[in-house]
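Please open the model in your viewer and keep the sequence panel beside it. The tour moves from the whole chain to single residues, and each stop begins with something to select.

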Amino acid sequence: MQRALELAELAGAQGDVPVGAVVVDAHGRQIAEAQNRRERDRDPTAHAEILALRAAGQTLQSWHLNDCTLYVTLEPCPMCAGAIVLSRLGRLVYGADDLKAGAIRTVLNLPDSLASNHRVPVLSGILESACREQLQTWFAHRR
């Protein structure tokens, strides 16, 4: 999660909402990382989670990420939660809850929905204070 926080800081410095994501394989090796790039890429789908999942799939040469863990600084939105379910991710670990758009546990619960064909184990609240403070500080400077 510390690396995800570093990536989020880089995203924020470039004008994107500071969210970072890291994918680790079953052996604990980092295989992919990403940061939000919506503003820089002018792409509404360029969330850190989506970009990290894409990179992990390329590294593994498979979209099946069932032996991987995704670490992300903010609870995934509905789009990212859908991608997490579709990738058959082995585990999701996130820092801060997203009280506006969280689709894992806070506003929605897509992974446990009857519409989901894959149940993703979730661990939340990892480095929660640091993740939340990073976002709050970034938004405070923008408003």
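What follows is a walk through a predicted model, one selection at a time.

**The whole chain**

Begin by selecting the protein chain and colouring it by secondary structure, which comes to five helices and five strands. If you trace the chain from the N terminus, the elements follow one another in the order α-β-β-α-α-β-α-β-β-α. The radius of gyration is 14 Å, close to the 15 Å that the globule rule gives for 143 residues, so the chain is as compact as a globular protein of that length. Taken along the principal axes, the box that the C-alpha atoms fill is roughly 40 × 30 × 30 Å. Of the 143 residues, 45% count as buried.

**The annotated domain**

Next, select residues 1-117, the range that an unreviewed UniProt entry lists as "domain: CMP/dCMP-type deaminase". This span is 32% helix and 20% strand, and its end C-alpha atoms lie 27 Å apart.

**The annotated sites**

Now select E49, which the unreviewed UniProt entry covers with the annotation "active site". You will find E49 in helix α3, which runs over residues 48-60. Is E49 buried or exposed? With a relative accessible area of 4%, E49 is buried, because the cut-off for that class is under 20%.

H47 sits in the loop between α2 (38-41) and α3, and at 15% relative accessibility H47 counts as buried.

Move on to C68, in the loop between α3 and β3 (69-74). C68 counts as buried, at 2% relative accessibility. Select A26 as well and draw a line between the two C-alpha atoms: C68 and A26 are 42 residues apart in sequence, but 5.7 Å apart in space.

**The largest pocket**

Show the surface and look for the largest pocket, which has a volume of about 640 Å³. Its lining is made up of 22 residues, and those closest to the pocket centre are L74, D98, K100, L135 and F139. Which classes of residue make up the lining? There are ten nonpolar, three polar and nine charged residues in it. Then select helix α5 (residues 128-142), from which the largest share of the lining, five residues, comes.

**The aromatic pair**

For the last stop, select W138 and F139 and display their side chains. How many aromatic pairs does the structure hold? The structure holds one aromatic pair, and W138 and F139 form it in an edge-to-face arrangement, with 4.9 Å centre to centre and 85° between the planes. The arrangement is called edge-to-face because planes over 60 degrees apart are placed in that class. The two residues can also be compared by accessibility: W138 counts as buried at 13% relative accessibility, whereas F139 is partly exposed, with a relative accessible area of 29%.

Terms used
Residues numbered from 1 in each chain as written. Predicted model: local features only at pLDDT ≥ 70, side-chain atom pairs only at ≥ 80, totals over all residues. Heavy atoms only, no water. UniProt positions renumbered as here; feature names shortened; annotations may be inferred. Helix = DSSP H or I, 4+ residues; strand = E, 2+ residues; numbered from the N terminus. 1 Å grid on protein atoms, 1.4 Å probe; cavity = no way out; pocket = protein on both sides within 12 Å on 5 of 7 lines; lining within 4 Å. Points joined across faces, edges and corners; volume = space filled by probe spheres on them. Nonpolar A, V, L, I, M, F, W, Y, C, P; charged D, E, K, R; others polar. Phe/Tyr/Trp six-rings, centres within 6.5 Å; stacked < 30°, edge-to-face > 60°. Buried < 20%, exposed > 50% of the residue type's maximum accessible area, 1.4 Å probe, protein only. Rg over C-alpha atoms; globule rule 2.2 N^0.38 Å.
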